[in-house]
Amino acid sequence: EGGESEPPVTQVTYGRSGQDRDPELSPDGKTLIYASSAYGEDFDLYAKPVGGNAPVRLTRLEGHERFPKINPALPRMLAFSADSGGEWKICLIEDWIQHPEKVISLTDPGSHNLHPSWSPDGRLLVYASTQDLGSGDWVLKIRDLATGKTQVLEDIDGFLPEWSPKGNRIVFPRMRHREGWFELAAWLTARGGPPDAWALVR
């Protein structure tokens with residue numbers, strides 16, 4: 001009594017079967033993009049107006065599509081992970097509103113790549129990559145969409161990366177293999193200097 005009341009929680013998806021995961025809200029707060037298996041065996045990406053009823057299916061690739069991320073500078077551009085062909089890859093839709101069928105693969109075969117995250121200026125895309133989903137080490141890769149070049153941050157063993165709102169840090173969980181547990185770490189994106197990663201929570 002006398003404390004602050006909890007904000008209301010509103011359910012926005014109503015699938016009777018399957019699961020809904022990886023919600024991503026558009027910058028204007030009007031559209032929710034998420035992965036769902038409510039309409040089939042695989043996860044596909046759907047867009048749904050906040051407060052609306054019927055979702056619109058965006059992807060129809062073989063296998064699963066997960067982890068949608070809207071470009072903050074170009075809100076019609078959408079990055080996500082897809083496992084079509086037996087390997088997880090990072091994919092891009094340049095205009096998910098008008099042409100969601102036009103999907104571009106950003107990663108090369110031979111590795112698994114998951115969980116893209118945009119820099120605030122929408123120019124860089126960070127994601128986690130490994131050669132072996134079961135027991136391989138993870139690296140973080142940063143793709144520059146303007147130049148097409150990819151920077152690899154090795155010896156980090158991080159995944160599920162997220163850019164900070166200011167764009168000068170990337171935060172991610174890191175696996176401690178010997179102890180079998182996770183720690184929260186951050187990487188400082190210092191221009192012109194070596195990568196600097198440190199633990200935030202142990």
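Colleague: What percentage of the accessible surface of the protein chain belongs to carbon and sulfur atoms?

Modeller: First, a heads-up: this is a predicted model, so local features need pLDDT of at least 70 and side-chain atom pairs count only at pLDDT 80 or more, while totals for chains, interfaces and linings use all residues. Residues are numbered from 1 along each chain as its sequence is written, and side-chain values use heavy atoms, with hydrogens and water left out. Accessible areas come from the Shrake-Rupley method with a 1.4 Å probe, and for residues, only the protein chains shown count as cover. For the protein chain the surface comes to about 11,800 Å², and the part belonging to carbon and sulfur atoms is 50%.

Colleague: How many strands does the protein chain have?

Modeller: Helices (H or I, at least four residues) and strands (E, at least two) are DSSP runs, numbered from the N terminus. The chain has zero helices, and its strands number 16.

Colleague: What percentage of the 202 residues in the protein chain do buried residues make up?

Modeller: Buried means under 20% relative accessible area, exposed means over 50%, and partly exposed is in between (1.4 Å probe, protein chains only). By that cut-off, the buried part of the 202 residues is 44%.

Colleague: Which residues touch the most other members of the largest nonpolar core?

Modeller: A nonpolar core is a set of buried Ala, Val, Leu, Ile, Met, Phe, Trp, Tyr and Cys residues joined through side-chain atoms within 4.5 Å. In soluble globular proteins, nonpolar side chains tend to be buried together. Of the 15 residues in the largest one here, those touching the most other members are Val126, Leu140, Ile142, Trp163 and Ile170.

Colleague: Which strands each supply at least two residues of this core?

Modeller: You'll find them at 124–130, 138–144 and 169–176 in the chain. In that order, they're strand 10, strand 11 and strand 14.

Colleague: How many aromatic pairs does a search of the whole structure find?

Modeller: Rings of Phe, Tyr and Trp (its six-membered ring) pair if their centres lie within 6.5 Å; planes under 30 degrees apart count as stacked, over 60 as edge-to-face and the rest as tilted. With those rules, the number of pairs found is three.

Colleague: What kind of pair do the rings of Tyr39 and Tyr46 make?

Modeller: Their centres are 5.1 Å apart and their planes are at 45°, so this pair is tilted. Tyr34, Tyr39 and Tyr46 form one aromatic cluster. To put it in one word, the Tyr39 and Tyr46 pair is tilted.

Colleague: Which ring has Arg66 over its face, at 4.7 Å from the ring centre?

Modeller: A charge sits over a ring if NZ of Lys or CZ of Arg is within 6 Å of the ring centre and within 35 degrees of the ring normal. The charged end of Arg66 sits over the ring of Phe43, 5.2 Å from its centre. At 4.7 Å, the ring is that of Phe67.

Colleague: Which residues is Ser119 in contact with, leaving aside its neighbours within four places in sequence?

Modeller: Ser119 lies in the loop between strand 9 (112–118) and strand 10, and it's buried, with a relative accessible area of 3%. Contact means heavy atoms within 4.5 Å. Leaving those neighbours aside, Ser119 is in contact with Pro72, Leu124 and Trp163.

Colleague: What is the phi of His115, which is not a glycine?

Modeller: His115 is found in strand 9 and is buried, with a relative accessible area of 10%. Its phi is positive, at about 60°.
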